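Dear colleague,

A summary of the findings follows it.

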Amino acid sequence: MTAEFAIQVCGWLVGVPLEFLLVAALLRGEYRRFPFVFAFACALLVTTLVGIPANVNYVLHPHDPQLYRHFAKIYWINEGILQAFILAVVISLIDQAATQVRSRRLVRAALIVGALLFAGISFAAHYRPALKYFGYWMTPWTRDLSFGSAILDLGLWTLLISSRRGDRRLLLISGALGMQFTGEAIGEALQNLSIAQTVHSLELAGSIITMLAGLACLYVWWRTFRPSPHRPQD
């Protein structure tokens, strides 16, 4: 078992229960107010469960090219789905935060059209069907989607901070996403640096930081949507 796979297993052991808890917490009623968050949580759980067998099979048979292609295909399809959902989540949160804005419908339409154009143009620019592996063109496309979501989340955070009627729940959701985006950026930077300098420890550090950032986001979201315990009356 490689160190990278051991880190991945640790992520599954903690992340999958958190994903179940998050979906269960949202099903208690908050899915009505945050339908895109609920859809993302469900998509995250499903893609994780779908991806685990392919990952395990590839690790157990690392020299089988067919298993590698199967694993890579599932991984990148899952990644594309999740990045699209994250972008939709951030847009939906901005729409909720803009309730006091007079031109809310215009802002909503501009965000949706802008996001679709951004994702479509980026996809068209990077799509290379002739390439042998998905990752060659999916990597820059999903990176663009992640960058766009991070910029929008920063705008959402600024909007919430400047609002006189700050929504604590929206702040927590947005802040957790910000932690995840920051951790992913740091992790990716370390992994790219490890490739340039062939330093394996940097790659491991990048993987750990990325994993911890995702788990931290899940934990904050679960605590945010978890029903408050009823205090016994005196």
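**Aromatic residues**

One aromatic cluster is formed by Tyr58, Tyr68, Phe71, Tyr75 and Trp76. Rings of Phe, Tyr and Trp (its six-membered ring) are paired if their centres lie within 6.5 Å; planes under 30 degrees apart count as stacked, over 60 as edge-to-face and the rest as tilted. Please note that this is a predicted model, in which local features need pLDDT of at least 70 and side-chain atom pairs count only at pLDDT 80 or more, while totals for chains, interfaces and linings use all residues. Residues are numbered from 1 along each chain as its sequence is written, and side-chain values use heavy atoms, with hydrogens and water left out.

A search of the whole structure gives 13 aromatic pairs. In one of them, the ring centres of Tyr31 and Phe38 are 5.7 Å apart and the planes stand at 45 degrees, so this pair is tilted. Tyr31 is partly exposed at 28% relative accessible area, whereas Phe38 counts as buried at 19% (buried means under 20% relative accessible area, exposed over 50%, and partly exposed in between, with a 1.4 Å probe and protein chains only). The rings of Phe34 and Phe225 have centres 5.3 Å apart and planes at 70 degrees, so that pair is edge-to-face. It links distant parts of the chain, as Phe34 lies in the loop between α1 and α2 and Phe225 in helix α7, 191 residues apart. Helices are DSSP runs (H or I, at least four residues), numbered from the N terminus, and strands are runs of E of at least two. Both Phe34 and Phe225 are buried.

Leaving aside residues up to four places away in sequence, Trp221 touches Leu22, Val37, Phe40, Val89, Ile173, Ala176 and Leu177; contact here means heavy atoms within 4.5 Å.

**Salt bridges**

How many salt bridges are there? The count comes to two, where a salt bridge is a side-chain nitrogen of Lys or Arg within 4 Å of a carboxyl oxygen of Asp or Glu.

Arg169 and Glu30 meet through their side chains at 2.9 Å, N to O.

Asp95 forms a salt bridge with Arg108, with the closest N and O atoms 2.9 Å apart. This pair joins helix α3, which holds Asp95, to helix α4, which holds Arg108, across 13 residues. Asp95 counts as buried at 16% relative accessibility, while Arg108 is partly exposed at 33%.

**Other positions**

Tyr219 is placed in helix α7 and is partly exposed, with a relative accessible area of 39%. Tyr219 and Glu19 are 200 residues apart in sequence, yet 8.9 Å apart in space, C-alpha to C-alpha.

Yours sincerely
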